[in-house]
Amino acid sequence: MGSPYRERRAEAAERRYAALGVPRDDQRARHRAVAANWDCFGAPAALFCYLDRRMGPAQWADAGMYLQTVMVLLRAEGLHSCTQMAWSVYRRTVAEVVSPPEGLILFCGMSIGHEDAAVPYARSERAPLAETVTFLGG
Ligand SMILES: Cc1cc2nc3c(=O)[nH]c(=O)nc-3n(C[C@H](O)[C@H](O)[C@H](O)COP(=O)(O)O)c2cc1C
């Protein structure tokens with residue numbers, strides 16, 4: 001991943017570790033924070049979204065939009081969610097549990113539950129609009 005995305009991702013990770021009180025050089029604590037992914041951050045439910053392997057980038061974008069809609073509908077029900085690419089690390093183990101039909105590929109996981117407001121957690125900063133959007137015309 002090239003610039004500026006690499007730097008933005010690193011900055012987001014630093015903010016998150018800082019919010020969790022994890023020191024920069026404490027590798028074990030950092031690993032524990034990452035490993036929380038595979039405990040669904042304590043959430044009671046997980047969703048695993050699979051795609052037909054024959055699908056290309058356009059359909060992967062469709063799946064992203066679909067999941068966004070799921071997340072908005074969850075909010076309408078008072079629930080919170082966290083999309084997680086981290087599940088791809090353990091895609092084989094996930095497949096052992098959910099037994100997906102042949103020909104599917106794990107696209108994304110999602111933890112679902114209620115936000116624990118007591119957990120010190122920084123929401124991701126967004127890059128400034130001027131850096132990410134170009135307005136054309138009057
Ligand atoms: C496609 C996608 C994959 C993500 N994967 C992970 C992940 O594996 N682990 C994680 O902690 N956050 C992951 N995130 C970030 C969280 O879902 C969430 O966006 C982040 O915690 C910031 O929360 P906020 O959007 O409310 O600011 C991912 C986000 C997206 C859009």
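# Chat about a ligand shell and the chain around it

Trainee: Which residues are around the ligand?
Mentor: R16, N37, F41, C82, T83, Q84, M85, A86, Y121, R123, S124 and R126. Keep in mind that this is a predicted model.

Trainee: How does that shell split by class?
Mentor: Five residues are nonpolar, four are polar and three are charged.

Trainee: Which element gives the most to the shell?
Mentor: Strand β2, residues 80-84. It supplies three residues.

Trainee: What lies 2.8 Å from a nitrogen atom of the ligand?
Mentor: A polar side-chain atom of N37.

Trainee: And what about T83? How far is its side chain from an oxygen atom of the ligand?
Mentor: An N or O atom in the T83 side chain sits 2.9 Å from a ligand oxygen.

Trainee: Which part of A86 lies 2.8 Å from a ligand oxygen, backbone or side chain?
Mentor: The backbone. An N or O atom there lies 2.8 Å from the oxygen.

Trainee: How much of the ligand does the protein cover?
Mentor: On its own, the ligand has 620 Å² of accessible area. The protein covers 65% of that.

Trainee: New topic. How many helices and strands are in the protein chain?
Mentor: Five helices and three strands. Along the sequence, the pattern reads α-α-β-α-β-α-β-α.

Trainee: What box do the C-alpha atoms fill?
Mentor: Roughly 50 × 40 × 35 Å, taken along the principal axes.

Trainee: What share of the residues count as buried?
Mentor: 18% of the 138 residues in the protein chain.

Trainee: Let's take helix α1. What should its span be?
Mentor: Helix α1 covers residues 5-19, which is 15 residues. At 1.5 Å a residue, the helix should span 21 Å. Its end C-alpha atoms are 21 Å apart, so the two values agree.

Trainee: Is C40 buried or exposed?
Mentor: Buried, because its relative accessible area is 11% and the cut-off for buried is under 20%.

Trainee: What about S99? What is its phi near?
Mentor: S99 has a phi near 45°. That is a positive value in a residue other than glycine. S99 lies in the loop between α4 and β3.

Trainee: Buried or exposed, that S99?
Mentor: Exposed, because its relative accessible area is 54% and exposed means over 50%.

Trainee: Switching to rings. How many aromatic pairs does the structure hold?
Mentor: Three. One of them is F48 with W87. Their ring centres are 5.1 Å apart and their planes are at 90°, so the pair is edge-to-face.

Trainee: Where do F48 and W87 sit in the chain?
Mentor: F48 is in strand β1, residues 45-52. W87 is in the loop between β2 and α4 (91-98). They are 39 residues apart, and the pair links distant parts of the chain.

Trainee: What about W60 and F107? What kind of pair do they form?
Mentor: An edge-to-face aromatic pair. The distance is 5.2 Å centre to centre, with 70° between the planes. W60 is in helix α3 (residues 57-76), F107 is in strand β3 (residues 104-113), and they are 47 residues apart.

Trainee: And how accessible is each, W60 and F107?
Mentor: W60 has 31% relative accessibility and counts as partly exposed. F107 is buried, with 10%.

Trainee: Last one. Where is D26?
Mentor: D26 is in the loop between α1 and α2. D26 is partly exposed, with a relative accessible area of 28%.

Trainee: How far is D26 from V72?
Mentor: They are 46 residues apart in sequence. In space they are 36 Å apart, C-alpha to C-alpha.

Key
Residues numbered from 1 in each chain as written. Predicted model: local features only at pLDDT ≥ 70, side-chain atom pairs only at ≥ 80, totals over all residues. Heavy atoms only, no water. Near = heavy atom within 4 Å. Polar contact = N/O pair within 3.5 Å; in protein donor to acceptor, adjacent residues only side chain to side chain. Areas by Shrake-Rupley, 256 points an atom, 1.4 Å probe, with all protein chains shown as cover. Helix = DSSP H or I, 4+ residues; strand = E, 2+ residues; numbered from the N terminus. Nonpolar A, V, L, I, M, F, W, Y, C, P; charged D, E, K, R; others polar. Expected span 1.5 Å × (residues − 1). Phe/Tyr/Trp six-rings, centres within 6.5 Å; stacked < 30°, edge-to-face > 60°. Buried < 20%, exposed > 50% of the residue type's maximum accessible area, 1.4 Å probe, protein only.
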